[in-house]
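Please read the following explanation alongside the sequence and the coordinates. It moves from one residue to the chain as a whole.

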Amino acid sequence: MKHIITIILCIIVMLCAMFFQVVEVDDVLNFYTSTVEYLGSRQLTSKLNLIGERYDKIDDYTGSYKCSAENVTGRDVIYGGCSVDKIKLNLKGKSDTQSGELKIRVRLGYDVEYITINEDGAFDELLEFDGGGNYIIIEYKDFTGEIDVSTEYAE
């Protein structure tokens, strides 16, 4: 709650400063964009709390994730964030479920979609984020097996 109040106060101060021409409009927009991106990155599962492991991480949207687990229940928010820009990502990987359940959930603002995993464990999807909060989430329920995921920007 403190973060929200602080952000609201900062926005009010920036709008007043803009009104009295103390700061430029571009500075206000850059501040807004940075604030939105910062808040979005706070939703990712921290490195210490990950069930799996992020590696080759380039930014909050791209990199690789791997997990080898035995009878695990939980979830990892592996990539994503809040942005004012449109973002296109290629999401691909392979899973090997020995027991339990594994789901790949993609949150697109208020909507939620699940990625289809083929019978051989492979998946390959183009994700189009229109701005707002967008996240890639791995959900485990009594899961034993492995998953390897990579994301990269699509052209």
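Contact here means heavy atoms within 4.5 Å. The model is predicted, so local features need pLDDT of at least 70 and side-chain atom pairs count only at pLDDT 80 or more, while totals for chains, interfaces and linings use all residues. Residues are numbered from 1 along each chain as its sequence is written, and side-chain values use heavy atoms, with hydrogens and water left out.

Thr 151 sits in strand S6, residues 132-153; strands (E, at least two residues) and helices (H or I, at least four) are DSSP runs numbered from the N terminus. Not counting residues up to four places away in sequence, Thr 151 touches Tyr 61, Thr 62, Gly 63, Tyr 79, Asn 90, Leu 91 and Ile 136. The side chain of Thr 151 also reaches the backbone oxygen of Tyr 61 at 2.8 Å. Thr 151 is buried because its relative accessible area is 6%, where buried means under 20%, exposed over 50% and partly exposed in between (1.4 Å probe, protein chains only).

Ile 8, by contrast, belongs to helix H1, residues 2-19. With a relative accessible area of 46%, Ile 8 is partly exposed.

Of the 155 residues, 36% count as buried. Among contacts with a separation of 6 or more, 72% come from residues 24 or more positions apart.

Definitions and conventions
A polar contact is a pair of N or O atoms within 3.5 Å; within protein, one must be able to donate a hydrogen and the other to accept it, and residues adjacent in sequence count only if both atoms are side-chain atoms.
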